[in-house]
Amino acid sequence: MRSAVLFLCLGTLLLGGSTASALKMPSAPRCSVFPKSNPWNQRVDKLPVAQNSAAIIGSIGVDTGLHADFGSGLWQGKSIGIPFDVVTRRTRRSRLSFEYSDESDHVGYPIPKGVHIEGGSDHHALLLDKNACRLYELGGLQRSGGRWHAWAGATWNLRSNHVRPAGWTSADAAGLPIFPGLARWDEARRGVIDHALRFTVERTRRAYVYPARHYASDLTDPSLPPMGLRVRLKAGFDVRPIPRQARIVLTALKRYGMLVADNGSNWYISGAPSPGWSNDQLHSLGRVKGSDFEVVETSSLHP
């Protein structure tokens, strides 16, 4: 079998309600991306603003613009964004060694021939088994001496709200799954992203909030965001002048917001690469500044 990153899409537009399940991928139509009650799939446009919102937004950068850390084409020879592979029960399983062995899931990972690994330094590999509806994620994946090694590995049942043990990392610093927070072209082509997105900030606090399970900082300044912090685009921001692809992303950020998932550049939003993305349209996200966001009080989102 040849595994590939699949981004083509068909289907109807699904919207409405205070919660929704992420639009199913045509390449895995039997699998929801977590239940409707999962925090990734819950709207936050009606939730209250957190009391410390202004201070936290200020620490991330009020004048810094959004950046789509995904798109079409190549950057330094690699696809732009975090790719994923859809696999099956027949995909060969591999055992790995891990740098953070005590916090990794020691199972067989379905790594296909020609697995797509993120460029840059993170080397994420996201593997979705469409038969078992199970997500496998690896960070720092590399092959040496005929064996696979990663800094961490984690797996999730996509039909469950189960989270990792408290204090455990994943392929992401926040102990979160990466895949449900990606902007995907198959969603954008249908006109809606109906789940929260993932983003990075340069400095985080030594803390995490649900559904995050891990921190990656020694800083204790309360104005810094903890892992799992959720922000949303303010309701009054007019998205109508923004090009269509960027407007779809911004509409999702109004309804579902985005979660701090890793240390990195401020206001960088994650997505999966696809030739369908227009880099020019996505570049227009830079018109949106940190001051256009607010922190959401999310204590009510436990499933």
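1. The model is predicted, so local features need pLDDT of at least 70 and side-chain atom pairs count only at pLDDT 80 or more, while totals for chains, interfaces and linings use all residues. Residues are numbered from 1 along each chain as its sequence is written, and side-chain values use heavy atoms, with hydrogens and water left out.

2. Helix α3 covers residues 244–255, and because its twelve residues should span 16 Å at 1.5 Å a residue, the 17 Å between its end C-alpha atoms agrees; the expected span is 1.5 Å times one less than the number of residues. Helices (H or I, at least four residues) and strands (E, at least two) are DSSP runs, numbered from the N terminus. Just after α3, Gly-257 has a positive phi of about 75°.

3. In strand β14 (residues 230–233), Arg-230 and Arg-232 point one way and Val-231 and Leu-233 the other, yet all are buried, that is, under 20% relative accessible area with a 1.4 Å probe and protein chains only.

4. Strand β14 runs antiparallel to β15, joined by two bridges, and pairs in the antiparallel sense with β17 (residues 293–295) over three bridges; pairing requires that DSSP finds at least two bridges between the strands. Val-231 has Met-258 of β15 as its bridge partner, whereas Arg-232 stands opposite Glu-294 in β17.

Technical notes: Buried means under 20% relative accessible area, exposed over 50%, partly exposed in between (1.4 Å probe, protein chains only).
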